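Visitor: I'm new to this one, could you walk me through it?
Guide: Gladly; here it is.

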Amino acid sequence: MPMRTIDGIGQTELRITGETLPCDMVLLSTSDPTGVAYVQTVNLDGESNLKTRYAKQETLFKMPEKEKVTGLIKCEKPNRNIYGFHANMEVDGKRLSLGPSNIILRGCELKNTEWGIGVAVYAGRETKAMLNNSGAPSKRSRLETHMNIEIIILSLFLITLCTIVSACALAWLLRHKNELNYLPYYRKKDSAGEDYNYYNVGLEILFTFLMSVIVFQIMIPISLYISMELVRVGQAYFMIRDTKMYDEASNSRFQCRSLNINEDLGQIKYVFSDKTGTLTENKMEFQRVSIWGVDYSGAKSQIEPVGYSVQVEGKVIKPKMNVKTDPELLQLSERRNDTKEGRHVYDFFLALAACNTIVPLVTDTSDPTEKMIDYQGESPDEQALVYAAAAYGFMLIERTSGYIVIDIQGERQRFNVLGLHEFDSDRKRMSVILGCPDKSVKVFVKGADTSMFGVIDKSLNMNILRATESHLHDYSSLGLRTLVVGMRQLSASEFERWHSSFEEASTAVIGRAALLRKVASAVENNLCILGASAIEDKLQQGVPEAIESLRIAGVKVWVLTGDKQETAISIGYSSKLLTSKMTQIVINNNSKESCRKSLEDAIVMSKKLMTVNGVTDNTGGSSEASPTPVALIIDGTSLVYILDSELEEQLFQLASKCSVVLCCRVAPLQKAGIVALVKNRTADMTLAIGDGANDVSMIQMADVGIGISGQEGRQAVMASDFAMGQFRFLVHLLLVHGHWNYQRMGYMILYNFYRNAVMVFLLFWFVLCTAFTLTTAISEWSSMLYSIIYTSLPTIVVGILDKDLSRRTLLKYPQLYGAGQRHECYNAKLFWLTMVDTLWQSAAIFFIPLLAYWGSSIDISSLGDLWILAVVILVNLHLAIDVIRWTWTTHAVIWGSIIATFICVTVIDALPSLIGYWAIFDVAKTATFWLCLLASVIVGLIPRFVVKYLYQYYSPCDVQIAREAEKFGNLREVGDVQIEMSAILGPQRR
Amino acid sequence: MSSRGAASSSGGPQLGTSDSSKRISKKPKYSRFTQQELPACKPILTPGWVIATFIAVGIVFIPIGLASLFASQRVVEIVHRYDEECVPPIFSGDQLAFIQSSITNKTCTKNFTVPKQMKGPVYVYYQLDNFYQNHRRYVKSRSDKQLRSKAGELDISTCKPEATTGNNSPIVPCGLIAWSLFNDTYGFSVKNKVLNVSKKNIAWKSDQEHKFGSDVYPKNFQSGGLIGGGKLNASIPLSEQEDLIVWMRTAALPTFRKLYGKIETDLEANDEITVVIQNNYNTYSFGGRKRLVLSTTSWIGGKNDFLGIAYLTVGGFCIFLAIGFLLLYVIKPRPLGDPAFLSWNRNPSGIMN
């Protein structure tokens, strides 16, 4: 079939399978006679399951090759909503509505469909894919933000130094004003008697100032930014390569999607977690069912899952997944319409099989007589339900936009799908209107219990309603996800009324969603309850342990879920987030005033609980120590009134007193709102972790966003900063890698400030001896290579490889994570201490040689060589004192840098064109040189060494004690790794 | 027709295994490097270590300090400031006029006694104070290319304001450094016997061989209106002009010495030395002082007690610290790595934030 290229919007085009679409197009017809096209939207939202798109029945058989098709498509302005599309099309005088299911977006691929014909509606930049291409908001690490303040302080230092030099130069010039012409080392006048290179005092001072800025500019560590990037790449490499963070099940490694917030992982105070797919596996298992007031618990009977299969055209078809079945129910379902019970069972499973958006895909298996049916759909709940229906003999075989085929106990039946009201978060239910083979029209509805009980006809079957309600309560207290199913037979007049309003609503361009919702609510009422299903949402492996670790580490875990309160609480218990010791404060309100009242009450109550126990705060520490921790449970309805109002502050006050906060029934934007609530009110770092599209806003809002590469597609991963396979990796990520990253980065920044400042001060001291004229004793080459070769590599290698504590210790004592939360590795106090140390060290290496050589015949280059060697050895030894783990790389790089400096200085001094020719060879022959080198380095390091020792020994921080315990601690605590270490160490130091 | 069977239940797992064997596992390979478990040495500042370190530093530093102090004490040094004395009393009000005048007699004779025996070679230095040879304008005012070879004669762009003569012919050697060449001379005699001052090998061999060309001869030197200092013999190549080479190794600090020559003979104690100084060099314009220095040498160079004192101080301080730490350790020891000291064990309600 020929391909026509598109020249612009509105051109008809052809597409073949497997190619990526270049524009957004409305489907006209496909190779499938029913007009279905399967598309893969992996480029768009990352979901790998196939989605169905439909061509309109009216255009299905129009072939642009054979006849001219004329029509008019009116569509809304280009927007970025990839799940919404409103348009209508006029073909042959008929007005047809177009929705999101009729459009294929740029970046999608056709699958299982030979070809499709469509009309391009949006192209180029206006396609939804491109409009969504804004990317995640750029995040900057907290450490870097703090660092920028210190960089401003350093800039002020720089300006101060330059001002001092300029002022001194001014004084000098004024004092020697009359001598400038004769001074042998100044000589203002040249041979012609004119001023040479001299303007006036003002300009001279200006030049001095500018020149001093140039000489001292390395005070601002530009190279630090590059080093930081390199270190982060290194850290990311180790995080990605960590076998402890590899998920076997999804075969996925840890992913670093953003490279500039690695160190933030070490300072997290709040974790906001999604529930479904994050704490739980999002692998739904059909567990229990209540039909017509009778509870059938398949799980109890412990029957091995039995495959159900049907034969079609001589081939056996069976579903991909098998479901545990209840034998009693199985019998009932096989009996079909014979009894009253059977009738209800029939309707119930018919509803499960029909009322969904699942697409059955029949695929070949290795056995030629067998085919496999795979249910593809966007909701895992629906998948579980359809598989369950299939297991009970209601196998969905085919679905098109017009009808579905269900194999009921071996008998194929075709139902016309007259209308489908998709699930939306307002109604919290979906419904399908089926034309049954016996010409009756039925509406099947399934949805969340709260929304369903509102539309169920309460006058009918009160007993059954009550029984179902109690079953639902049981199910949700077990942590099961429940859905209620109802149905109603539509009379002809009712159907007609519905049909006309549905047609009208679905062709509307403006406000279609609201209109459709109205139509749906009109038909979804007075339902007869059929029953309820319960699906188990399995907890992910290691979640309770991970939450416990995080809690001990002083991280507050908040769970934000769209689930019901009961489900959320039961998951809270099973994940050890809630314990029986906790006092629960529940806030469920329907108005602002009642919210205010309950918040106030809750605050009073939490205060009372705190004071009774004499504990003011229980954020860190063990749970035994603080007798009554408080858990806050709040639902989305209350949050509607609280967020974005003055009650926010009260909620925050309350929440910060609670050790656990559970928010249920929250909408995606509310999740972001809660994150913002905490983020804007504290300086503490927040982390959001989630796996679904509904977590994207929260992931982007939090300081650190983590995506779980799970079942619900990849939008969360796309929006996240880090992505991993399992929730439990969070412990390794935060407690181990986060701690390391923070410690390394914090130290590296301080060290880089120190390293550059010590050089600047050295230059500054010398300038004071040169009549303030900014001569540098150190050769230009050496000053340039200082931060490139002489001292750069050790800090990067230490920044990547150094480790204050082993993984084992960090996991054993999660409290050690507090070091990052308390900013122990980088804070203003440390900065100023470092600067004082810098001043001392630079003075030591400057003044010792100065006094030793005062009034001697030393030349400027020799002294410069001495200084550069001294400063390089000093800064490298300074690093060596602070290195915690000496691996061979650390040795190589630190001693290598010192050796490299000697080599470089030698090479520079072997160039006859430079002023310092042969100076190092000459000066290295003298003993004074070596004595000065030794003395200046030792004297420079003594104060730091002393302070470090006194601090570590007499006021040790937790990290220090843990480090000692790692090395000397009682042997039962020391693991095999540590024993190996001490064997390598050889003789014990003490 | 429908059928149920145990056999059909194996369909799922089968597909699963074939699926996973097809895809390549992305599991990171275990290595001690990637898992950050490289063997490492983890030094900790234990009291033993620290005290031992300080004692070691003390033990190394104190002998070095003593040795260098001793060496410095053994150096015999005669320093004689002559800039004031060598101006005749009538010019004491206007020293500048004296030094700038071409008719005044600049010869000045001084006597001093040798305090202790000075073993040869005795180094003769001149010392200048308050002379900024490291001044930026000064340091840059030279042309290494011109000094190195005849071909670079015209390379004078860096030499201003002493680059060319009035009629634009280049000065060799150009620049302020050469222009301000020190030109006082000293003649020594003991008991009316002239002491020979050797001016050979006072410059660095490396400079003579590679920085100052043997084919470069002084040209137009010191011919301008302002005379900065010494003149050079135009028939001797620069590589042989050792005074110039010494002078052009610019000093690091504003108070500096430069080697004038060597007296190869020993000077006995109480010898009366007579120095005839040609006081030509103008330091009066900026209040610079001139000194004549005779000094023997030792392994630490000239006479300088600073290093010895510094080493003794640091060494003593380290020993003091070591003793202090030892006492502190005995009085108030802390068991290393005792989990009881962890903050959450000390403070049961957890860490207050």
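Visitor: How many residue pairs are in polar contact between chain B and chain A?
Guide: This is a predicted model, in which local features need pLDDT of at least 70, side-chain atom pairs count only at pLDDT 80 or more, and totals for chains, interfaces and linings use all residues. Residues are numbered from 1 along each chain as its sequence is written, chains are lettered from A and ligands numbered from 1 in the order in which they are written, and side-chain values use heavy atoms, with hydrogens and water left out. Between chain B and chain A there are 39 residue pairs in polar contact, both residues being at pLDDT 80 or more (a pair of N or O atoms within 3.5 Å; within protein, one must be able to donate a hydrogen and the other to accept it, and residues adjacent in sequence count only if both atoms are side-chain atoms).

Visitor: And which helix gives the largest share of chain B's side?
Guide: Helix α9 of chain B, residues 306-331, does, with ten residues (helices are DSSP runs of H or I, at least four residues, numbered from the N terminus).

Visitor: How many salt bridges cross the interface?
Guide: The rule finds six between chain B and chain A, counting a side-chain nitrogen of Lys or Arg within 4 Å of a carboxyl oxygen of Asp or Glu. Among them is the pair Glu964(A) and Arg334(B), at 2.8 Å from N to O.

Visitor: New topic: where does UniProt put the transmembrane regions of chain B?
Guide: The unreviewed UniProt entry places them at residues 49-71 and 309-331, though such annotations may be inferred rather than shown by experiment. In the model, residues 49-71 of chain B are 100% helix, with end C-alpha atoms 33 Å apart, and residues 309-331 of chain B are also 100% helix, with end C-alpha atoms 32 Å apart.

How values were computed
Helix = DSSP H or I, 4+ residues; strand = E, 2+ residues; numbered from the N terminus.
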